[in-house]
Structure formats: C-alpha cells, structure tokens
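Me: I'd like to learn how to read side-chain contacts in a model. Could you walk me through it?
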Amino acid sequence: MACEIFENYCYEVIQEFHNLQCILDPQRICIGGGASENPIFINGLKQASQKFYDAFPIAFPHAEIMKCRYCNDANLLGAYYHYLEKTTMKG
C-alpha cells in the first residue's frame, strides 16, 4: 500500500515536471532540499519519468532528473554568501 502511494506521488510530480518542461524547456531538473538526499526518492522520480514518457504514443524529449549538488546545504551556502557580500561591502 505505501509503495503504491509513493509511486502515485512520484508519477504526479513527474506530470508537474512535464508541465514545466513544456513551458521552460529545461535540459535538466535538479531536486534540492532534504528530499534530494534520499536516493529512494530520486530513483522513484526517475522510474516514474520513464513510465510517464513510455506511455506517450510518440517520442517526446524529457529532462534529466538529478539531485542538486549541495542538496540540503544549498540554503546555508546561500546565506553564507549573502553574509560575505554584506560584510565585505565598502561604502
């Protein structure tokens, strides 16, 4: 039951990614935050993506799905960068 709910959730996320892809045409969709550190989640999205695009009657290019480089630490790096900018500004 839980696996089925997870698979349905991933499939719905992929449908939303497809909508974004049709508007923005990205080559890659990077998943960040705490969820990106869970390989089960990333693999679930990749499997759902394959299932979604296999159901199309014609070949449709789709974006690569991967986790962000800094995962859940991206917000900390951004805050630190902002701090450095503010403390090193002259004027």
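Me: How far is the sulfur of Cys 71 from the closest cysteine sulfur, and in which residue does that one sit?

Reply: A disulfide is a pair of cysteine sulfur atoms within 2.5 Å. For Cys 71, the closest cysteine sulfur belongs to Cys 68 and lies 7.3 Å away, so the two are too far apart for a bond. Bear in mind that this is a predicted model: local features need pLDDT of at least 70, side-chain atom pairs count only at pLDDT 80 or more, and totals for chains, interfaces and linings use all residues. Residues are numbered from 1 along each chain as its sequence is written, and side-chain values use heavy atoms, leaving out hydrogens and water.

Me: Is Cys 71 buried or exposed?

Reply: Buried means under 20% relative accessible area, exposed over 50%, and partly exposed in between (1.4 Å probe, protein chains only). Cys 71 has 10% and is buried, while Cys 3, at 58%, counts as exposed.

Me: Which side chains meet in a salt bridge?

Reply: Look for a side-chain nitrogen of Lys or Arg within 4 Å of a carboxyl oxygen of Asp or Glu. The structure holds one such salt bridge: Glu 64 with Arg 28, at 3.1 Å from N to O. Glu 64 lies in strand E2 (residues 64-67) and Arg 28 in strand E1 (residues 28-31), so the pair ties together parts 36 residues apart in sequence. Strands (E) are DSSP runs of at least two residues, numbered from the N terminus. Glu 64 is partly exposed at 40% relative accessibility, and Arg 28 is partly exposed at 45%.

Key. Helix = DSSP H or I, 4+ residues; strand = E, 2+ residues; numbered from the N terminus.
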